[in-house]
Amino acid sequence: MPTKIKSLQIPTTDGQADAFAAFPGHGGRHPGVLMYADGFGIRPVLREMARELAGHGYYVLVPNLFYRHGPAPVIELPEHIGEEVRPAVFAQLMPLIEAHTAERVLSDADAYLRFLTTQPEVGAGPVAVTGYCIGGLLAMRTAAAHPGQVAAVAGFHGPVGADGPDLFSRITAQAHLGHAETDLTPEALGELNQALDAAGVDYTSEIYPGTVHGFTMSDTDAFNPSALQRHWDRLLPLLDRTLGNG
């Protein structure tokens, strides 16, 4: 399906967040998906992923998480983020990530969802939130803060359990969590899933075989093509089921 990409500015309590949206090019209204980038932020690979999802009939909004520090790209990134450059890149990124407090995350989530649901290309009804790396945690926080509005949440190679079981107890969305082997031991997966069970979350949660942190991102050494495909094989049915796009 042909898709369009549009640059946007989202009004927030702290200014304007630059963002982009990918959506089907044939007109009409489509279910909305808020996509949180990984810590490296908006770059070509995120546009590719948003465009891929839009091709399945969704309006996908991708905000610049670090807009308070400038428009994306907030820091200069190489075309390929290899292991040799990661330490230098993370030295620049960590202050931005640390400044993105839980209060800012929730304030921004309110603004992003308000903007998403008022776009002329977005249909009425519930939305989904998905995220990668740190974006996975932001997706979980957003779903917990908007239980009546977020029908599906997905997180990939993200620290989704960082806020503890209290967060899970507020989630009413159906969830899929795809973990990297290097991020979670089978024992830790069992503990996470027990906490999700205890909170009554409707979820699937699994370690993707043979993966390292960042496996969905084709511009990193972590990229695993079969794991990226597994991610689509889990994400698309979840969205179709919960957003009525099947």
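Predicted model: local features only at pLDDT ≥ 70, side-chain atom pairs only at ≥ 80, totals over all residues.
Residues are numbered from 1 along each chain as its sequence is written, and side-chain values use heavy atoms, with hydrogens and water left out.

Helices (H or I, at least four residues) and strands (E, at least two) are DSSP runs, numbered from the N terminus. Two strands pair if DSSP finds at least two bridges between them. An open sheet is formed by 8 strands in the order 1-2-4-3-5-6-7-8, and its pairing is mixed. Strand 1 (3–12) and strand 8 (203–208) are the edge strands, each pairing on one side only. On average, neighbouring strands of this sheet are turned by 20 degrees against each other, direction ignored. Strand 1 and strand 2 (residues 15–24) run antiparallel and are joined by 10 bridges. Ile5 has Ala22 in strand 2 as its bridge partner.

Helix 3 (residues 102–117) packs on the sheet and touches strand 1, strand 2, strand 3 (32–36), strand 4 (59–63), strand 5 (127–132) and strand 6 (150–156); contact means heavy atoms within 4.5 Å. The direction of helix 3 makes about 130 degrees with that of strand 1. Axes are lines fitted to C-alpha atoms, for helices over the stretch in contact, and angles run from 0 to 180 degrees between N-to-C directions. Helix 7 (residues 225–243) lies across strand 3, strand 5, strand 6, strand 7 (174–180) and strand 8, and runs at about 170 degrees to strand 6.

The largest pocket has a volume of about 190 Å³. On a 1 Å grid over the protein atoms alone, a pocket is an open set of points with protein on both sides within 12 Å along at least five of seven lines, a cavity is a set where a 1.4 Å probe fits but cannot get out, and lining residues have an atom within 4 Å of a point. Grid points are joined across faces, edges and corners, and a volume is the space filled by probe spheres set on the points. The lining of the largest pocket includes Arg43, Glu48, Glu79 and Asp219, and by class has 6 nonpolar, 1 polar and 4 charged residues. Ala, Val, Leu, Ile, Met, Phe, Trp, Tyr, Cys and Pro count as nonpolar, Asp, Glu, Lys and Arg as charged, and the others, Gly among them, as polar.

The whole structure holds 3 cavities of 30 Å³ or more. The largest cavity contains about 80 Å³ of space, and its lining has 4 nonpolar, 5 polar and 2 charged residues.
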